[in-house]
Amino acid sequence: MVDVQTLNKAFIAGEWVNTGNTFSVTNPATGEVIAEVADCGSEQANQAIEATANAFQSWKSLTAYERSAVLEKWGQLLREHSEDVARTISMEMGKTITEARGEVNFSALFIEWYSQEAKRIYGTTVPSQFPNKRLLVQEQPVGPVFAVTPWNFPSAMIARKAAPALAAGCTFVVKPAEATPLTALKLAQLWEKAGGPVGVFQVMTAQDPVHVSKVMMEDSRIRKVTFTGSTPVGKLLYKQAADTIKRISLELGGHAPFIVFEDADIDQAVEQTMIAKFRSIGQSCVAANRVYVDKKIKDQFAEAYTAATKKLIVGDPLADETHVGPLVNQQAVDKVDRHVRDAIEKGAEAVTGGALKEGLFYHPTVLLNVNDDMQVVQEETFGPVAPILSFDSEDEVIQKANNTPYGLAAYFWTRDLGRTYRVAEALDYGIIGVNDGVPSTPQAPFGGVKNSGLGREGGPWGIEEYLETKYISIGLPS
Ligand code: NAD
């Protein structure tokens, strides 16, 4: 059984560090403080930079096979300790233990995939027009990386960034979200156990992200920033990266449309919308935020969807039978509540749920009679609320789906092959699920367009974000 109280020190330069200050981590299901964690400031940020810059020189010089072996071991240990990590995730952020186990598996898949991909960072030779020249292109690690991660996937968001960065030969400092530092520290324990070299992977826990982040962003030795979180913070880091011309990847907010056409397999669409909507209690950047159903089948869909939602068990996230745990904090509850109340005031009907809450638990809600003026249609809700809207034509629903500054994930359900291509190509989103509510997988590119971000995570695209292209022109002596 995991003892989360022992996860209380930051992991900097291969040492477990107390800083003299701590901050509390609260279990959202019970309201209990479950750990007091070292609160890092600019001193620790400077130490982390020193260590990451030093470690970069030796880590990048290892062979790809040596780096691969460390990652492989890390992945194996994550699988061996998966139940501990899953419980840690569930206790600090509230997702159900079943989903937390899924997240640990997803994280291990990333580490495993990139442990192999480390060996496939190839260069290129380019033909020259001169007989005595040879033109080579090599891919080299971009340098030390600073990662800032959110609380909604405390393990997967770190694994998805660290695995390709480390495989590429970069060193890595992560500042996890203040709500979920424990899972990050658990990953650091496993890294140490795997024999990961000093300074290559570091975890800098902090209550206030601004001080440590400022130091990292201003130091020119940090060559790459990778961020997952909200769009406003992403924009801030993008601006801060300019002064030292750091490479940057941003995985930001989403506002996913979920479209059900009249020819869809309705049972499958209902089942998958349940996952796309309620996974992680709706606190996922790719959560279905707006459900558009063809007018001809809307009543049938809404009835089946409402019935399925009513069956969801809300309760203790550590219990195997629970489907829906608490939201992460009071602000999250307040935002969801504001969206639901606004919709009801503007004429929506909550056919289940609807401002029913206890502590941080918010009951899964289905809204009908929804219109475009409601906040729930305009903003990312980040909670267990499904607004169901209807449409008359393919053109109309594409226009509505694209009418947002976001462009992360979109989903649609159809059996028509022509429509599959037409709609997939017309949607302004980085990820499209066609008859698939869970498209994310380690070997495929994940990322958004417009205000949803820059760059991709996963597959060969994910490792490119951590590589610099170097051109070498060789003149052959005669
Ligand atoms: P957030 O932006 O508030 O926090 C994310 C991280 O940024 C945390 O570690 C936080 O400490 C840090 N941070 C906050 N202010 C900062 C600042 N001024 N300088 C430096 N760091 C700062 O986001 P959140 O509430 O934790 O996460 C929810 C958001 O993340 C949602 O919008 C969601 O859609 C998005 N998200 C996106 C993806 C994706 O892959 N696109 C995945 C998960 C979550």
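## Cover of helix H4

Helix H2 (64-80), helix H3 (82-93), helix H5 (156-168) and helix H15 (459-464) are among the elements that cover the buried residues of H4. Contact means heavy atoms within 4.5 Å, and buried means under 20% relative accessible area (1.4 Å probe, protein chains only). Helices (H or I, at least four residues) and strands (E, at least two) are DSSP runs, numbered from the N terminus.

This is a predicted model, in which local features need pLDDT of at least 70 and side-chain atom pairs count only at pLDDT 80 or more, while totals for chains, interfaces and linings use all residues. Residues are numbered from 1 along each chain as its sequence is written, and side-chain values use heavy atoms, with hydrogens and water left out.

## Helix H4 itself

The buried residues of H4 include Ile97, Phe106, Phe110, Ile111 and Tyr114; Glu103 and Glu117 are also on the list.

Seven strands form an open sheet with mixed pairing, in the order S14-S17-S18-S13-S12-S19-S20. Its edge strands, S14 (349-352) and S20 (431-434), each pair on one side only. Pairing requires at least two DSSP bridges between two strands. S17 (residues 365-368) and S18 (residues 385-391) run parallel and are joined by 3 bridges; Val366 stands opposite Ala386 in S18.

## Helices on the sheet

Helix H9 (residues 266-278) packs on the sheet and touches S12 (256-260), S13 (288-294), S18 and S19 (409-413). The direction of H9 makes about 170° with that of S12. Axes are lines fitted to C-alpha atoms, for helices over the stretch in contact, and angles run from 0 to 180 degrees between N-to-C directions. Helix H13 (residues 394-402) also packs on the sheet, touching S12, S13 and S18, and its direction makes about 170° with that of S13.

How values were computed. Buried < 20%, exposed > 50% of the residue type's maximum accessible area, 1.4 Å probe, protein only.
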